[in-house]
Amino acid sequence: LILGFKHIVKAIEESIKQLCALNEPRLAIENKPFRGLNGKDCVGYTAAQIRHIMKSCGLNKFILDLNHAVHAARSLHYDPLEFIRFFISLLPTGFHLSDGDPDSETDMHLHLGDGKMPISQMAALLPDGAAITLETPLGLENGLEDFFLDKSKLLSFTKASVKTRVS
């Protein structure tokens with residue numbers, strides 16, 4: 001169920017303890033990459049870990065960060081799209097999306113089209129009407145122009161209608 005690294009199991013149990021103590025029904029859990037920006041292993045980088053945490057705390061809301069899934073798949077030597085499918089089996093309530101480098105373990109939050117992520121293939125896996133948060137840079141000097149460009153690119157990648165919001 002959970003990768004058997006003792007420090008990860010211990011960190012998962014601590015996360016469960018803290019999340020359960022919050023006792024907050026509005027709480028949503030988000031998956032993480034395998035390795036964080038600080039170089040340390042994260043908690044919640046597999047669908048099995050997320051499922052275990054959700055079940056342990058009675059959580060029913062899950063946000064699938066598609067780029068985190070791709071980076072975790074890279075770290076664990078899995079096919080990224082297959083790895084995303086594991087997470088989709090948890091029926092996410094929303095999705096986070098940006099561009100980046102799928103050959104890296106590091107999350108970059110680039111504008112759509114500025115990286116090499118398989119955006120069209122990832123978008124094809126999402127359910128119709130999926131709620132997507134674009135986690136891309138918002139340059140205030142351009143107003144919302146960057147957001148509208150990202151939204152336009154996203155809509156060109158998918159035939160499904162999507163709800164987007166600025167993050």
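Predicted model: local features only at pLDDT ≥ 70, side-chain atom pairs only at ≥ 80, totals over all residues.

Modeller: The link of Cys20 and Cys57 is left-handed, with -105 degrees about the S-S bond. Their sulfur atoms sit 2.5 Å apart, and a disulfide here is a pair of cysteine sulfur atoms within 2.5 Å. In general, a disulfide is a covalent bond between the sulfur atoms of two cysteines. This one ties together distant parts of the chain, 37 residues apart: Cys20 belongs to helix 1 (residues 6-22) and Cys57 to helix 2 (residues 47-57). Helices (H or I, at least four residues) and strands (E, at least two) are DSSP runs, numbered from the N terminus.

Residues are numbered from 1 along each chain as its sequence is written, and side-chain values use heavy atoms, with hydrogens and water left out.

How covered are the two partners? Cys20 is partly exposed at 32% relative accessible area, while Cys57 is buried at 18%. The cut-offs are under 20% for buried, over 50% for exposed and partly exposed in between (1.4 Å probe, protein chains only).

The structure holds one disulfide, so what about Cys42? Its closest cysteine sulfur is the one in Cys57, and at 18 Å that is too far for a bond. Cys42 is buried too, with a relative accessible area of 11%.

Asn23 is not a glycine, yet its phi is positive, about 45 degrees, and at 66% relative accessibility the residue is exposed. His77 also has a positive phi, near 65 degrees, in a residue other than glycine. His77 is in the loop between helix 3 (66-76) and helix 4 (80-88), and is exposed at 70%.

Met117 is placed between strand 3 (94-97) and helix 5 (119-124). Beyond its neighbours within four places in sequence, its contacts (heavy atoms within 4.5 Å) include Asn67, Val70, His71, Asp99 and Met122. The C-alpha atoms of Met117 and Val9 are separated by 30 Å.
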